[in-house]
Each structure stands twice: as structure tokens, then as C-alpha cells.
Amino acid sequence: MANRGPSYGLSREVQEKIEQKYDADLENKLVDWIILQCAEDIEHPPPGRAHFQQWLMDGTVLCKLINSLYPPGQEPIAKISESKMAFKQMEQISQFLKAAEIYGVRTTDIFQTVDLWEGKDMAAVQRTLMALGSVAVTKDDGCYRGEPSWFHRKAQQNRRGFSEEQLRQGQNVIGLQMGSNKGASQAGMTGYGMPRQIM
């Protein structure tokens, strides 16, 4: 990717708004989870957005993370290379994103490769990792390592089945959305235009 240099005017304002969404506390929590989840000798990065980006930028940590969420032998990314070549690193980030989508992270929660590679939107990277953690906690398949309270559990499907008889009975009931006149009374009402008497 070409180095675009500093931005000015509206571009700068937009970039500053994006950077304000980055959460340093969330960064610490995500780093702790990734290191615990991967259960390997992964070095803890120094705090800060730039260090967090550098730590994840080559894609190896992300690929190890998504592989650790699967049982042994079923990892989605077979070969993780620690290449210094830019296109190889971006390819690994793309592999992680595809694997995360297959794992259950919604497309709207997934960052774009340039968000991480160029550091354009590190808050989006945090959102993707949070969504991945939430899916892992929700699946509860024994592969998640870490504190379950670190991520919120996603709602599960709860289908209800009604018999034809129950559906027919429901058609005879007036729902509360239609309104109710229970307890309605005109006691204490005054005529229109009369002032309220406060004593």
C-alpha cells in the first residue's frame, strides 16, 4: 500500500473521529485474551494503538487465535507463515477474516484488511475481536479459554410452536396494543376551558 502521508481538512476530521472510538482499556483486555486463548509463547505488546497494530499486522497472531477456537485437527488455517512480505501478511489477515466469518462473526462486524494494515480504523479491529470473543463464549464448545465475563453471550434462537387451536384462540383476544378501557373513569374531569383549581 502506498504511504498516503498526513491528511488535512475534512479527511483529518474524519480520521480523528475514527481514532476517538479506539478504547485503550479494551485493548488490554483483548491482548490478555488473545495470549491466554492461543496458549503459546506470544509476546505481550507494549500498550498503545500503534503497538497493538504492529502486534497484529502480520496476521500470525490473528491466525493462531482463530485456529485456537477450533478442536485440534480442524483448524481453518493450515499454514501460518511469519513472512515479512507485505502481500503475504495481508493475505493472512484476509484468511483470518474469512475464517472469522465462517466461525459465526457477522459480516457487518468484520474489519477490512486496510483498517489493520494501514492503521486506518483500529476501533473496527477491536469490534471484530470482541464479536469473535462473543461468538466463542456463546458456542461454549470447550475451545474458548478465558473468563466468560470478558465477552457478552449472544442471544440464542428460541422457537415456539403453537397448535392450530392455540392460534384460533389468539384471534379472539384483543391485544393491549389496541388499547384498553379497564379502569377508565371520568371522575374528577372538568369541562373544557375551565382552569384547574389548585388549593
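Let me start with a definition: a residue is called buried when its relative accessible area is under 20%, exposed when that area is over 50%, and partly exposed in between, using a 1.4 Å probe and protein chains only. By that rule, glutamate 82 is exposed, because its relative accessible area is 57%.

Before we go on, a word on what you are looking at. This is a predicted model, in which local features need pLDDT of at least 70 and side-chain atom pairs count only at pLDDT 80 or more, while totals for chains, interfaces and linings use all residues. Residues are numbered from 1 along each chain as its sequence is written, and side-chain values use heavy atoms, with hydrogens and water left out.

Side chains of opposite charge can pair when their charged atoms come close. Here, a salt bridge is a side-chain nitrogen of Lys or Arg within 4 Å of a carboxyl oxygen of Asp or Glu. How many salt bridges does a search of the whole structure find? The search finds four, and I'll show you some of them.

Glutamate 82 forms a salt bridge with lysine 64, and the closest N and O atoms are 3.9 Å apart. This pair links distant parts of the chain: lysine 64 is in helix H4 (60-68), glutamate 82 is in the loop between H4 and helix H5 (86-103), and the two are 18 residues apart. When I say helix, I mean a DSSP run of H or I with at least four residues, numbered from the N terminus.

Next come aspartate 109 and arginine 106, a salt bridge with its closest N and O atoms 3.4 Å apart. Aspartate 109 is buried, at 19% relative accessible area, whereas arginine 106 counts as exposed at 52%.

Then we have arginine 127 with aspartate 121, where the closest N and O atoms of the salt bridge are 3.9 Å apart. Arginine 127 is partly exposed, with 45% relative accessible area, and aspartate 121 is buried, with 15%.

Now for some helix packing. Two packed helices are described by the angle between their axes and the distance between the axes. Axes here are lines fitted to C-alpha atoms, for helices over the stretch in contact, and angles run from 0 to 180 degrees between N-to-C directions. The axes of helix H2 (residues 24-38) and helix H3 (residues 49-57) come within 11 Å and cross at roughly 25°. That makes H2 roughly parallel to H3, a label for angles under 35 degrees.

Which residues meet there? Glu27, Val31, Ile34 and Ile35 in H2 meet Arg49, Phe52, Trp55 and Leu56 in H3, where contact means heavy atoms within 4.5 Å.

One residue of that group deserves a second look. Arginine 49, in helix H3, is partly exposed at 30% relative accessible area.

Leaving aside neighbours within four places in sequence, serine 68 is in contact with Gln37, Cys38, Cys143 and Arg145. Serine 149, by contrast, counts as exposed at 59% and sits in the loop between helix H7 (122-139) and helix H8 (164-171). Serine 149 and valine 137 are twelve residues apart in sequence and 8.9 Å apart in space, C-alpha to C-alpha.

Methods
Angles under 35 degrees count as roughly parallel, over 145 as roughly antiparallel, 65 to 115 as roughly perpendicular and the rest as oblique.
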